[in-house]
Amino acid sequence: MSTSPLEQVLQAIDEFDLDRAMAPFAPDASFLAVDGRRAEGIQAIRELIGSFLATLRSTSHRVTAQWQV
């Protein structure tokens, strides 16, 4: 069973794997973090997620519902 891009990103974040977390993003992607921070473009998104990971000791996510177009 394949996982959605959201699940792929969250699993990689939970494993502190920034490179794998970035894999689903297109070069011109936009990102809105839950705390309101925004990033435009792959490099800005990498910096935002990287700075987030640098503040953590552990994290876990569980997707309970998602909407896919």
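**Talking through the fold**

Modeller: From the N terminus on, the elements of the chain run α-α-β-β-α. This is a predicted model, in which local features need pLDDT of at least 70, side-chain atom pairs count only at pLDDT 80 or more, and totals for chains, interfaces and linings use all residues. Residues are numbered from 1 along each chain as its sequence is written, and side-chain values use heavy atoms, with hydrogens and water left out.

Colleague: How many helices and strands does the chain have, and what makes a run count as one?

Modeller: There are 3 helices and 2 strands. Both are DSSP runs, numbered from the N terminus: a helix is H or I with at least four residues, a strand is E with at least two.

Colleague: Why is serine 4 called buried?

Modeller: Buried means under 20% relative accessible area, exposed over 50%, and partly exposed in between (1.4 Å probe, protein chains only). Serine 4 has 7%, so it counts as buried. Its place is in the segment before α1, which spans 5-14.

Colleague: What makes the link between serine 4 and glutamine 66 a polar contact?

Modeller: The term asks for a pair of N or O atoms within 3.5 Å; within protein, one must be able to donate a hydrogen and the other to accept it, and residues adjacent in sequence count only if both atoms are side-chain atoms. Here the two side chains are joined at 2.9 Å. Leaving aside residues up to four places away in sequence, serine 4 touches Gln66 and Gln68, where contact means heavy atoms within 4.5 Å.

Colleague: Which residues of α1 are buried, and what covers them?

Modeller: Val9, Leu10, Ala12, Ile13 and Asp14 are buried in α1. Their cover includes α2 (18-22) and α3 (42-54).

Colleague: Is phenylalanine 16 buried, exposed or partly exposed, and how do you know?

Modeller: Phenylalanine 16 has 35% relative accessibility, so it counts as partly exposed. This residue sits in the loop between α1 and α2.

Colleague: How do you know whether the radius of gyration agrees with a compact globule?

Modeller: The radius is taken over C-alpha atoms, and the globule rule is 2.2 Å times the number of residues to the power 0.38. For 69 residues the rule gives a value near 11 Å; the chain has 12 Å, which agrees. Those C-alpha atoms fill a box of roughly 30 × 30 × 20 Å along the principal axes. Of the 69 residues, 28% count as buried.
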